[in-house]
Amino acid sequence: MDAVQELFFTGHDTSASSMTNILMFLGRHPEVLQRVREELDSEGLLDCPDEELDMSLNKICKLKYVYSVVREVLRVTSPVGAGYRKALRTFEVGVSKISFFLPHFSLTLHFLYYM
Ligand code: HEM
């Protein structure tokens, strides 16, 4: 059950919230939506019957502007804000001249926005 729950979060919730954010930003920025539509149109992906839709990796890789839009939305509103780790052994962490020991079994939380 733990593994199923993990896949629900890692696979479903991340993708669902990212797609929701992409739609929200496109709604707020009609000029970006227009460029997305132009790029889809130039690749024959707009107003195309479902059975003729080419969603192959080759085709998707041609969508440079769409790719940038997705990356920018993920940068601004990442669905995963932090990561958690447990120290399996005591070890020394050194940042510049500051260093400290992280004891065995410590729980750490790293915020991805600050990395
Ligand atoms: C926008 C979509 C996604 C984002 C932003 C995202 C982000 C991340 C991040 C940041 C991690 C590292 C977590 C950590 O090390 O603590 C991770 C791990 C992982 N992701 Fe994704 N992910 C996305 C989509 C997916 C999808 C679609 C799947 C599977 C169908 C998936 C499966 C996994 C798995 C299995 C892990 C490893 C978890 C672990 O190490 O315990 N992710 N993801």
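**Getting to know this predicted model**

User: Into which domains is the protein divided?
Analyst: Welcome! This is a predicted model, where local features need pLDDT of at least 70, side-chain atom pairs count only at pLDDT 80 or more, and totals for chains, interfaces and linings use all residues. Residues are numbered from 1 along each chain as its sequence is written. Going by an automatic or database domain assignment, the protein is divided into domain 1 (2–79) and domain 2 (81–115).

User: How far apart do the C-alpha centres of domain 1 and domain 2 lie?
Analyst: The C-alpha trace spans about 60 × 40 × 25 Å along its principal axes. Between the C-alpha centres of domain 1 and domain 2, the distance is 34 Å.

User: What pattern does the protein follow along the sequence?
Analyst: Helices (H or I, at least four residues) and strands (E, at least two) are DSSP runs, numbered from the N terminus. The protein has four helices and four strands. Read along the sequence, they give α-α-α-α-β-β-β-β.

User: What percentage of the 115 residues count as buried?
Analyst: A residue is buried if 20 or more other C-beta atoms, placed from the backbone, lie within 10 Å of its own. Of the 115 residues, the share that counts as buried is 1%.

Methods: A residue is buried if 20 or more other C-beta atoms lie within 10 Å of its own, exposed if 12 or fewer, and partly exposed in between; C-beta atoms are placed from the backbone.
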